[in-house]
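Welcome! Here is a short briefing on how two chains of this model meet.

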Amino acid sequence: MLDPHITLTTDFGEESPYVAAMKGVILAINPTARLLDLTHQIAPQNLRHAAYFLKESIPYFPAEAIHLVVVDPGVGTERALLYVDTGEHRLVVPDNGCWTPLVPPGARPQVRRLAEPRFWRQPVSSTFHGRDILAPVAAALSRGTAPEVLGPVVDDWVRLILPAPHQNADTWDGEVLFVDHFGNLITNIPGSAVFRDDARTAEVEVDGRPVPRLARTYGEAPAGTLVALVGSAETLEIAVTQGSAARMLGAGAGTPARVIVRN
Amino acid sequence: MLDPHITLTTDFGEESPYVAAMKGVILAINPTARLLDLTHQIAPQNLRHAAYFLKESIPYFPAEAIHLVVVDPGVGTERALLYVDTGEHRLVVPDNGCWTPLVPPGARPQVRRLAEPRFWRQPVSSTFHGRDILAPVAAALSRGTAPEVLGPVVDDWVRLILPAPHQNADTWDGEVLFVDHFGNLITNIPGSAVFRDDARTAEVEVDGRPVPRLARTYGEAPAGTLVALVGSAETLEIAVTQGSAARMLGAGAGTPARVIVRN
Amino acid sequence: MLDPHITLTTDFGEESPYVAAMKGVILAINPTARLLDLTHQIAPQNLRHAAYFLKESIPYFPAEAIHLVVVDPGVGTERALLYVDTGEHRLVVPDNGCWTPLVPPGARPQVRRLAEPRFWRQPVSSTFHGRDILAPVAAALSRGTAPEVLGPVVDDWVRLILPAPHQNADTWDGEVLFVDHFGNLITNIPGSAVFRDDARTAEVEVDGRPVPRLARTYGEAPAGTLVALVGSAETLEIAVTQGSAARMLGAGAGTPARVIVRN
């Protein structure tokens, strides 16, 4: 049988010992687990960042993987910790909604509240449930522990809804969801709003400023050109060829983006 | 038999090819080794950072793992390279003391000086013993090489002692040991100094400035509140809810912290 | 049989979901693949950085590993994607030359243009061939797919030539190739130009400024001393003991370096 995969997604950074402690805890429980870092650079306690990251990465994984997510501003408070089966992917995660954009519209995830301390590290600290509860539970799951024994099914949980664009007759009003490592501005407007099969043309604005050129890919325009294109998430993306659109425009998550369709 | 784990802890960063070179060296000797990054973001040549990191992460690992540590300001000088068995964990590490806080008080580690060039990469450079000596030795150990053949037992080595707090009648005087990724100030004062079972109350100061609130966890107070709590290392920690105590207070490793107990 | 290794080298950073998406894609095709991060901190679209990194890390790996490299300023344009067998190492990589310094002088690599969409993710985006083409091809190779079926042999490709030093009667004129995490300046001048067996002595200059001391290793001189030594790539390196030569001298990749030999 294949050794099980456990992925790790946190906002812990790398200079602190927290990720390493979780890896040790997992391997002490299941030395056959194969650990995969997804990221430890979620912006501190930034649930929208976590939500966007998970939505754009977890769907590519095989169903067998267990995804351990520790972005947890509510650690130690009354917020629950969850086992989630979206139907396609399994996560252990605080109940803060960062996983909910992963669930396809209409699908009904199975969610359990972690309630069985026998699967936890003891004593449980007030400030590091990633190490003391989530990591040992992920390790137990990877050894074949049935989700049923981890805690009761719950039918309510925190939802985090990534902002959706507004479509009007001839415009789309959306916003920047994420700024990537290159300074590309990834918006929530579907790429098809701009790149159209019909004869109409589209204009793109960011923060009221026109984006002069539509492109198919980054390297199509001369260096320094501000371009709009369809990014790898199939949404409108604003980029600067060999540069940073975020820096050029002073834009970030939440900056308004607009598409105007002209006849 | 389980494929062996080798963990890597360095101050090499990720943009430089040094970590990758070590991974290649290990896998060329033992392709079954399972490599785990602990961190490559120890502050350059900062042995206290390395010591704190190891102390707060290595104890969680199963005993089988081999821990390769390369924070090595003395590379190429007469400082020795060591194989260490703390009784609970095995490391290969320069003789600079960063591993010594791992050893429980009173325990007697087994320490050997690496002295057998047949286990090393040849030629050995003067500037990268991580690649040329420590990585191949870790790989040899992971293949079952007995520590006895690596070099002679030594009974002296560099000690690094993390600063201890001073306890007086009604005060504890300590300091910040580590600033984590969130800007939390982790001190060397035991959490039990502040959070007490008796009727007495405690006040906390950092750098002479009072910390207005004691909390059980970060999210208990409103955003921006400076709080004192027991951190995951079971010591006094100063934090700002959804913020950075290090930034708010201009504090760092070495900043004085004090607890005053009142009747 | 040993589970196959796939290494990942990108300029994607860690806060973005791109690396995680590629890991998912690979494991969905070959769950037995063992993934190894080499770096995701190549400077954005910096092919010289990528070339230097690969040249100083890939040679240490066993031949079985498959090296996935995604530094790809030309993504979506007409640039080809390649399977490369240098004779010693196998890579999947955009045709931008970053791999060519790996090939020993005189050796003739086998190079194929990836041309068989049946091995790709569908639909193929215009902006993320790492996820849609290179990762699935690496996964297919790791499952034993023969390179022959991936696409035709090509006999031309982009060459990237790292700058070479000029040797005159009594001088070497070179430059800084790479600034490492410690701020060490790694030049392209062979270490043997400075550290000589004969009676002649050498002087080192960086950007016209003399380097006062030759050393065998970093820790040989007092803290803060500017030293020249032979680095782990066997070239002349300029360092500051317990400091950063890049910061002290304001130097970076491309800064001139010179060795003057005196009788």
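Between chain A and chain C, about 2,800 Å² of area is buried, and carbon and sulfur atoms give 59% of it; buried area is the accessible area (1.4 Å probe) that two parts lose on being put together, summed over both. Three residues, A:Y60, A:H181 and A:F182, supply 26% of what chain A buries against chain C, more than any other three residues. This is a predicted model, in which local features need pLDDT of at least 70 and side-chain atom pairs count only at pLDDT 80 or more, while totals for chains, interfaces and linings use all residues. Residues are numbered from 1 along each chain as its sequence is written, chains are lettered from A in the order in which they are written, and side-chain values use heavy atoms, leaving out hydrogens and water.

**Who touches whom**
- Contact (heavy atoms within 4.5 Å) joins 32 residues of chain A with 31 residues of chain C.
- On chain A, the residues that touch chain C divide into 14 nonpolar, eleven polar (Gly is counted here) and seven charged.

- The interface of chain A and chain C has zero salt bridges, a salt bridge being a side-chain nitrogen of Lys or Arg within 4 Å of a carboxyl oxygen of Asp or Glu.

**How the copies are related**
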